[in-house]
Amino acid sequence: MSVKILYVLLATLFCFNTIDGTRSALGRLKAHLQKDRNAGISVDLPNEKRVNISMLPMSISNLNAAERTFTFSACFSTTWLDRNLAWNKTDYENITKVTISEKHVWTPVFAIPNALEDVTMSSNQLPKINMYGITTLQFLEGFKTTCQIDITLYPFDQQRCSILFTPANNFDLGIATTGSIIQGLPSFFIENSEWELVDILAKDVHVNKPGISSVASFEFLLKRKSMFYIVSIIFPMTLLSLLNACVFLLPADSGEKMSYLISIFVSYAVFLNFVNDSIPKSGDVCRLSVYLTLVLCQSCLAILTTMAILNVRSRGLRLQTKSGVHPANAKVTTNGTERPHLKCATKTDLVLFGVFLLLALMSLLVFCV
C-alpha cells in the first residue's frame with residue numbers, strides 16, 4: 001500500500017514539474033518573441049517580403065443587378081515569413097506553435113478597392129506563429145462589393161463578380177493557389193436560391209503604379225437559375241402569343257374575334273405589371289424585354305389584321321346584298337340572318353393563322369441569338 005502511495009506522489013510531482021516546465025518555457029518564449037518590437041517581414045531576401053492570401057467561401061448572400069452589388073461571406077487566410085519570430089523548439093520544451101497578440105508582431109493591412117462598406121480589412125483574431133517564423137492570420141467576415149452587371153442575356157445570364165485586395169502597409173501580395181479553387185468548397189457552404197456558383201478564379205493582377213506592386217483578385221462566376229423565369233414568365237407569354245394566332249380559326253360571323261383579341265391584350269397588360277418587377281432596372285436591354293416587346297407587337301398586329309379582314313368582309317357582304325349576287329358555291333336562303341359563306345375559316349384565315357403561329361415560335365429565337 002505504501003509503495004502505491006509513493007508511486008502516486010512521484011507521478012503527481014512529475015506532472016507538476018512538467019507543467020511548471022511548460023509554463024516556464026512559454027514565459028521564456030513569450031519574452032523571446034516580445035523582445036523585438038520591430039518584428040516584421042524579413043528583409044534578408046527580397047522574395048521573402050511577400051504575403052500570400054487564400055480564400056475559403058462560406059456563403060453567397062445576394063447579387064443585386066439593379067444596385068450592381070455583390071454580397072458574400074468568406075474566410076481569408078494570410079501567411080508570411082518572419083525570421084525574427086523563429087525559435088529552436090529544443091530550447092522551449094518542444095513548443096512548435098504559439099498564438100501571440102498582434103501588438104508584438106507585424107500584421108498586414110489590406111485595402112479593398114471595390115468594397116462598398118469596409119474599405120480596409122483587419123482581423124479580430126490573433127496571429128499564429130510556428131517555430132520557423134511562418135505567421136498565419138485569418139479574416140472571417142461578410143463583404144459587399146461592386147459588380148459590373150451585364151443583363152443582356154437575362155434570364156439566362158452569367159455574371160462575374162470579384163473582390164480585390166491591395167497591400168496597405170508596404171508589402172508584396174500574392175495568391176497562395178492561383179486558378180480555379182471551386183474544388184475547395186466546404187461542405188457547409190450555403191448556396192444562393194437565385195444564383196448557382198459555377199467557379200471561383202484566384203489570380204494575381206500586376207499593376208505598374210507607384211506604391212502598388214500587385215493586386216490579388218478572387219473572381220466569382222455566377223449563373224442565374226432560370227427555371228423560375230421559364231415557368232412563371234416565358235411559358236405563359238408564349239401561350240398567349242399562340243392564342244393570338246388562334247383568332248383566325250374563329251368564324252367571322254361569331255362576332256367574338258375582336259373581344260377575343262382585346263381580352264388577350266388586356267391579359268398582356270396585367271401580366272406585364274407582374275413581369276416588370278422581376279426585370280433588373282438597367283440602361284441595357286435584356287433578351288426578355290425584347291421578347292415581351294415582340295409578343296406585344298404580335299398582339300397589336302393581330303388586332304389590326306383582324307380589323308382589316310372584318311372590314312373587307314363587311315364591305316363585300318354589303319355589296320352582295322345590294323346587287324343580289326352570291327358566290328357560286330353559296331346556298332341562297334330566305335333567312336337573312338344566315339351567312340353560309342362566313343361559317344368556315346377561309347383560306348386567308350388559315351394562311352394568317354400559320355403566319356402568326358410562325359411569328360410566335362420565331363420570337364423564342366431571341367433567347368438563342
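Strands here are DSSP runs of at least two residues, numbered from the N terminus. With that in hand, welcome to the tour; please keep in mind that the model is predicted.

**Stop 1: the loop between E2 and E3**

Select Asn94, which sits in the loop between E2 and E3. Its phi is positive, about 60 degrees, although Asn94 is not a glycine. Is Asn94 buried or exposed? Its relative accessible area is 53%, so Asn94 counts as exposed.

**Stop 2**

Next, switch to a cartoon view and look for an open sheet of six strands, in the order E3-E6-E7-E2-E1-E9 and with mixed pairing. Which strands stand at the edges? They are E3 (97-99) and E9; each has a single partner strand, so one side of each is left without a neighbour in the sheet. On average, neighbouring strands of this sheet are turned by 30 degrees against each other, direction ignored.

Stay with the sheet and select residues 50-64, strand E1, together with residues 69-81, strand E2. These two strands pair in the antiparallel sense, over eleven bridges. To find a place where they face each other, pick Asn64, which stands opposite Thr69 in E2.

**Stop 3: the aromatic rings**

Now show the side chains of Phe, Tyr and Trp. How many aromatic pairs are there? The count comes to 18. One of them joins Phe110 and Phe139: this pair is edge-to-face, with 5.7 Å centre to centre and 85 degrees between the planes. Phe110 belongs to strand E4 (residues 110-111) and Phe139 to strand E7 (residues 134-146), so the pair ties together parts that are 29 residues apart in sequence. Phe110 is buried, at 0% relative accessibility, and Phe139 is buried as well, at 1%.

Phe171 is buried, with a relative accessible area of 4%.

To widen the view, select the cluster that ring pairs link together: Phe70, Phe72, Phe76, Trp80, Trp106, Phe110, Phe139, Phe143, Phe165, Phe171, Phe218 and Phe220.

**Stop 4: helix H2**

Move on to residues 227-245, helix H2. Does the distance between its ends agree or disagree with the expected span? At 1.5 Å a residue, the 19 residues should span 27 Å, and the end C-alpha atoms are 26 Å apart, which agrees. Centre the view on Ile234, where H2 bends by about 30 degrees. A proline, Pro236, follows within four residues. Then colour the helix by accessibility: its buried residues include Tyr229, Ser232, Ile233, Ile234 and Met237. Further along, Thr238, Leu240, Ser241, Asn244 and Ala245 are buried too.

**Stop 5: a cis peptide bond**

Finish at Pro155, in the loop between E7 and E8. Is the peptide bond from Tyr154 to Pro155 cis or trans? This bond is cis, and its omega is near 5 degrees.

Technical notes: Residues are numbered from 1 along each chain as its sequence is written. This is a predicted model: local features need pLDDT of at least 70, side-chain atom pairs count only at pLDDT 80 or more; totals for chains, interfaces and linings use all residues. Side-chain values use heavy atoms; hydrogens and water are left out. Rings of Phe, Tyr and Trp (its six-membered ring) pair if their centres lie within 6.5 Å; planes under 30 degrees apart count as stacked, over 60 as edge-to-face and the rest as tilted. Buried means under 20% relative accessible area, exposed over 50%, partly exposed in between (1.4 Å probe, protein chains only). The expected span of a helix is 1.5 Å times one less than its number of residues. The bend at a residue is the angle between axes fitted to the seven residues ending there and the seven starting there. Two strands pair if DSSP finds at least two bridges between them. Axes are lines fitted to C-alpha atoms, for helices over the stretch in contact, and angles run from 0 to 180 degrees between N-to-C directions.
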